[in-house]
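These are my notebook entries on a structure I looked up.

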Amino acid sequence: MTSTAFLSLPLAPEFLKNIESLDYQKMTPIQAHSLPVILKGRDILAQAKTGSGKTAAFAIGLLHKLNIRIYRTQSLVLCPTRELADQVSKELRRLARAIPNTKILTLCGGTAFGPQLGSLEHHPHVVVGTPGRILKHLEKASLKLNSLKMLVLDEADRMLDMGFHEDIMRIIDKMPKRRQTLLFSATYPDEIQEISQAIQIDPVDIRVEALHDDKKIKQVFYRIEKGARTKTLVTLLEHYRPESSLVFCNRKQQCQELSNALWEQGFHALALHGDLEQKERDQVLVQFSNKSSSLLIATDVAARGLDIKNVNAVINFELSPDPEIHIHRIGRTGRADNKGLAISLFMESENYKLDAISAFQDSPVTIKTGESLKARENFKLSPPMVTLAISGGRKDKLRAGDILGALTSSTNLPGKQIGKIDIFDNLAYVAVQRPIAKQAFKILSEGNIKARKFKVKKLR
Ligand code: AMP
């Protein structure tokens, strides 16, 4: 039987201690199956989705292999989107706390090129990024991969869908043939097999159970009449009152329209889709994950790869025509030991989609009508937190502790009323409990942070 204890792995004691401090008590199935093989130096072709713990699986393998005394890029992680690259870097940094001086650099498109050149001069040990931008650096020779020992392709199927095949192959041309290659993909189309054959050597095939545990996710389908989608959604929110919900639409225009309609009805809803600028996307994700927005309205493309913890409900405003995508969507709730709620709206004419889902998940679906729902008069679903945006970030050497310090030292604000702090290159965001938002805003905008003045804005 495969051991699930991290202690069974041949890792340095301080590394194991750090994993324990992250409260990772045992390995997830993908970790238990892949880590022993990765640590032996083999290539792997693994089927793993977001939420499976795949990032830690390759991150532990990658960090274990680094020689920190050599200031060269030894590992490269390619991701389809900047959001995923940011999340991978975060997880790598958390795990790398056990190895002092590990330099991890994120290189993605959609951000200025110049500052990345400066960061590359410090010779990062690990580079995480999107294929287009990585290739650009390779072509300008600002990034060199001749000492590369490990390549990771994360969400490879998604990268191929996005047309990165050629870029990936050109990047691989610029690295040594003798290396370890880890390929992670949620699905296994033929192109994945082909790319694996082209770039891997005798990979170990690892697949873990993809379907969710039904007992953790309560799934209900609501039959609606034409034109009743938004109204039914509001009634559903009033009935179930989920603190946070991820609402899926099939088209980006629908995301924006729905979020506008929900604002008008007093809900705090933010849309996430491909037309947003990078800064807007960052803000939307920050606000949703720090609980200052109750509803994230997204397309599948925008939501792919996001690591959003504790979503109480996933709501399919419109059913996906693809049952596999449906299963992937609802897997965003009921993570870890939490119970999840998955609600889908459908019209009579979409019965065939229900049949496909039922066949795919190999169990019947529960159908209800809106009449069974209890609407509540004057009910408001108000998010518990408010986000304050600060005009300084990593480049200003601002750290979470500085912001926390500015809010709590010499004031009577208790630290527990302050939530998540997110630091970006030029901006920082702090979540504070709604009742103290005004006071916190005043402290930060009138006072100093790290003996400096910053502009502060309350995000709506
Ligand atoms: P991923 O599938 O890589 O997106 O990871 C999903 C989440 O699970 C991340 O927030 C990780 O920090 C967390 N995680 C990864 N490995 C473990 C583990 N062994 N135990 C508990 N949580 C984990």
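Entry 1. I looked up Asp-202 and found its place in the loop between helix 9 (190-199) and strand 7 (204-207). I note that the model is a predicted one. The phi of Asp-202 is positive, about 40°, although this residue is not a glycine. Most residues other than glycine have a negative phi. I then checked the accessibility: Asp-202 has a relative accessible area of 54%, and it counts as exposed because the cut-off is over 50%.

Entry 2. I next looked up Arg-241, which lies in the loop between helix 10 (229-240) and strand 9 (245-248). Arg-241 is not a glycine, yet it has a positive phi of about 45°. Is Arg-241 exposed or partly exposed? Its relative accessibility is 42%, so I recorded it as partly exposed.

Entry 3. I turned to the largest nonpolar core, which has 45 residues. Which of its members touch the most others? They are Leu-63, Leu-92, Leu-95, Val-128 and Phe-184. Among the elements that give two or more residues to this core are helix 1 (13-21), helix 3 (54-65), helix 4 (82-96) and strand 6 (180-185). I also noted a second, separate core of 28 residues, including Met-159, Ile-168, Tyr-188 and Ile-195. In soluble globular proteins, nonpolar side chains tend to be buried together.

Entry 4. Finally, I listed the contacts of Leu-63, leaving aside its neighbours within four places in sequence. Leu-63 is in contact with Phe-15, Leu-92, Leu-95, Ala-96, Ile-99 and Thr-102.

Terms used:
Residues numbered from 1 in each chain as written. Predicted model: local features only at pLDDT ≥ 70, side-chain atom pairs only at ≥ 80, totals over all residues. Heavy atoms only, no water. Core = buried A, V, L, I, M, F, W, Y, C linked by side-chain atoms within 4.5 Å. Buried < 20%, exposed > 50% of the residue type's maximum accessible area, 1.4 Å probe, protein only. Helix = DSSP H or I, 4+ residues; strand = E, 2+ residues; numbered from the N terminus. Contact = heavy atoms within 4.5 Å.
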